[in-house]
Amino acid sequence: MESLAQLEALCERLYNSQDTAERARAESTLQCFSVNTEYISQCQYILDNASSPYALVLASSSLLKQVSEHTLSLQLRLDIRNYVVGYLATRGPELQPYVTGSLIQLLCRITKLGWYDDDRFREIVKDSMNFLSQSTTEHYCIGLKILNQIVAEMNQPNPGFPLTHQRKIACSFRDLALFQIFQISITSLQQLKNDIDKRLKDQALSLALKCLSFDFVGTSLDESSEDLGTVQIPSSWRPILEDTSTLQLFFDYYAITKPPLSKEALECLVRLASVRRSLFSNDTERSKFLAHLMTGTKEILQTGQGLADHDNYHEYCRLLGRFKVNYQLSELVNVEGYSDWIRLVAEFTLKSLQSWQWASSSVYYLLGLWSRLVTSVPYLKSDMPSLLDEFVPKITEGFITSRFDCVQAILPDDLSEDPLDNVELLQDQLDNFPYICRFQYESSSLYIIKLLEPILQTYTEGVRLPISGDNDDLSIIEGQLAWLVHIIASIIKFKPSTSSSSEPQEIIDAELAARVFQLLQITDTGSHVQRYSQISKQRLDRAILTFFQHFRKSYVGDQAMHSSKSEDVIEHTLALFLELASGYMTGKLLLKLDTVKYIIGHHTRDHFPFLEEYKCSRSRTTFYYTLGWLIFMEDSPVKFKASVEPLRQVLISLESTPDTAFRTDAVKYALIGLMRDLRGIAMATNSRRTYGLLFDWLYPSHMPLLLKAVAHWTDTPEVTTPLLKFMAEFVLNKLQRLTFDSSSPNGILLFREVSKLIVAYGTRVLSLPTPADIYTYKYKGIWISLTILTRALAGNYVNFGVFELYGDRALADALDVALKLTLSIPLADIMAFRKLTRSYFALLEVLCNSHINVIVNLDTSTFAHIVGSLESGLKSLDSSISTQCASAVDNLAAFYFNNITVGEAPTLPAAVNLAQHIAECPRLFPEILKTLFEIVLFEDCANQWSISRPMLSLILINEQVTLQL
């Protein structure tokens, strides 16, 4: 760089330029600072002499990248650390906030990475205290920022940093420094209570929140989860949490601050309300803590302070939801002031239900609180009244009324989202409501019936209305009916488990279900038949289908399909149809229905319009899977051939299409539909007999069509994906369905077809140019191809020795293409796409188990790449992947031990090659062994037995290295 001024100009362009090309040039020129370790001293020069904040950010971010990605000497890292601390002390107050933030991040990253290298790295809390003891506000703020960043840094994994090392450092930091930092945050909050500087309050509150949110035991707590909501604060924190002033401090901050600070105060209270039960020294201290929480939340309800802010409101609902998650009902009712508290919470809940549009996502926590309260009533042994009998019926009625209000508030032309369309929110609310409703089921059901019957009567009268009638009114009625049906469905889904109350409640279930059956008879008559295109009618259809799914699980039910082109309704209908067909008794009942018999013989687009809709093509697989279930229930080859006659006609039509006309849209959509249909039929074959019917029907006459399709449509994943997925299903030996007679060559013939398909697809896809969407156009087809080969190799229906014996290249060609496909993908991409990862390692496991010659006969660099990828797979968080990799490593190590370590000079070509590979790359196996030790010793892995299996083989072939470890 010629001068500092030029560098500052380049930094200005890098961070400020609107021209993408200019930014790219500047980035390319300045990249050397973050890549080359020789430029570290120049970064220091920039920090000392540059006046541009952009140049300072470049220097600090480059240093951050250097320390994160390169192995620097201990002394150099200590020098950088001390320099940054001194720099922040002298120049920190005058720097821009983003420059300060970048420097603090650098300091904390060095601290984390060097935590176990030298005790001087652990003095960061002491350094922060020096900033806090300074007289200036700016220094105090920097001190708090450093503590905030170090807690955040220690609590999050860094890319490329082993998870085991991350956890060790986090645990050490938790034990040595975190409590002191939390005490600093509490002290700062107490000192800053009357301070007018919002920045300091924000930093102090944020610090307290980060400390309370720390992953204390390595569970990676999900904020949205209520199942793992206990905060595992260490016992050493007990005195400060039992001190009533700590809890009161956060209630005070909520009262004296405005959003977003008040929200952070509530977040701290949520975590304090979630601390583990065993933290308190006795039940008295825990009761005092609970009483304080109830008093504080009651005061907020009485004043309503801050609840006009949506974020505060949502966090406050979370705080209320924590009461029953962490405390028993008997504990709540024994607290003084419980009656006032529960009354205020009930009033607050009713107001929240009425404000459905504003508080829809917050109501979940309130309904969760009430559902847990009512389910605890049978176990309540206290003499104190719970008062739930008084308030719960009001909550039930308030919920149903609010759903009606939302229907009337959202007109058909309103662009805002209807709650009925938000599946996740709908499920959250309705999952909790049945418990509340069944608490006093008789009165609740009477209220529902009282609302339902007049609406049902009006809807019945609508049958005779002309189609051009008042559609807005009809849409509102359909919306109200949809809500009531969803509510009834959710109630029936959760049947009481106690036998004493089941019979009277089942009678009420029947009363409610009868109204839905009555509605069903009306929906497909008169003018309602013409309303399938209306959104409100589709919502009602979905509600009815949901009802039948729950009714089917709780009792028994039948429901036939009607033709529709609504993708969502079709999906729900087919899911229900499949559920009925897959049950043994319900399937037999369906086969007796004339409607079902007609469907089995007339499954064409003329009778089912959705079959010609491309957007519904995914549903075809479910449709034919269901038909397959029904067809194969009857042991009749004649009926099978008659049932699949429409598919045979499509096959014949495509086979007769000349090559010149094969690249047309008509052929494309016919192929897509056919492959999805065949896959559905193949999924339904669960026995040797049923699979044999399908195999004999397809092979050999119709198999050439697959190769023809691949040859013409390799560059079109819309065609190749369903085709390859069909073949993946066709070769899967589930339930030993691919069991041919001992004299039958069908297993070998099937693998030859697999080989032809993989070679045809693989050679063509490798020759295609790299697309923009590389997963859809390349990786997706490759992982399905690898899955096909893996299933064929592991299916145990082919004697693969036959191919080499008779000079057949089918196996060799398929394996050769498969390896070329895997090697064409960077390992980073393999690990990035989950399905690709799984198929890749599944293939390696099979190869190392049954075809190890293929692996060891590769050249050394390729062999090292594959074994290195197995080490990466061992570190995967997906236990199925790490298990497969462990199995593959075990087979490789065992082969080495049996043929090289304990034997004489290796004579097998494969053993000679493996010995040569290991001689050239002696660290391959030791590195894997080291990784396995780290996983077994420091990680809580669910598949520890599988992971530890290869360790014996590796220890036996690396005895000296093992002693060094």
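Predicted model: local features only at pLDDT ≥ 70, side-chain atom pairs only at ≥ 80, totals over all residues.
Residues are numbered from 1 along each chain as its sequence is written. Local features need pLDDT of at least 70, side-chain atom pairs count only at pLDDT 80 or more, totals for chains, interfaces and linings use all residues, and side-chain values use heavy atoms, with hydrogens and water left out.

The largest nonpolar core holds 316 residues. Such a core is a set of buried Ala, Val, Leu, Ile, Met, Phe, Trp, Tyr and Cys residues joined through side-chain atoms within 4.5 Å. Buried means under 20% relative accessible area, exposed over 50%, and partly exposed in between (1.4 Å probe, protein chains only). Phe173, Ile181, Trp370, Phe547, Phe730 and Leu793 touch the most other members. Helix α24 (residues 471-493) supplies the largest share of this core, 13 residues. Helices are DSSP runs (H or I, at least four residues), numbered from the N terminus. Beyond its neighbours within four places in sequence, Leu793 is in contact (heavy atoms within 4.5 Å) with Phe751, Phe800, Leu811, Leu815, Leu843, Val846, Leu847 and His851.

Helix α47 (residues 924-938) has 15 residues. Its span from first C-alpha to last is 22 Å, close to the expected 21 Å. The expected span is 1.5 Å times one less than the number of residues. Among the buried residues of α47 are Phe925, Pro926, Thr931 and Glu934. The buried residues of this helix pack against α10 (163-191), α44 (860-874), α45 (879-901), α46 (909-920), α48 (944-957) and α49 (959-964).

Ser636 sits in the loop between α30 (617-632) and α31 (637-643). Ser636 counts as buried because its relative accessible area is 17%. A polar atom of the Ser636 side chain lies 3.2 Å from the backbone nitrogen of Lys639.

Most residues other than glycine have a negative phi, and most peptide bonds are trans. Two cis bonds are described here. The peptide bond from Pro259 to Pro260 is cis, with omega near 5°. Pro260 lies in the loop between α13 (244-256) and α14 (261-272). Tyr699 and Pro700 are also joined by a cis peptide bond, with omega about 0°. Pro700 falls in the loop between α34 (688-698) and α35 (704-713).

Positive phi values occur in loops too. Leu387, not a glycine, has a phi of about 65°. Its loop runs between α20 (363-376) and α21 (388-409). At 25% relative accessibility, Leu387 is partly exposed. Leu735 has a positive phi near 55°. This leucine is found in the loop between α36 (717-730) and α37 (746-767). Leu735 is exposed, at 64% relative accessibility.

Methods:
Helix = DSSP H or I, 4+ residues; strand = E, 2+ residues; numbered from the N terminus. Polar contact = N/O pair within 3.5 Å; in protein donor to acceptor, adjacent residues only side chain to side chain.
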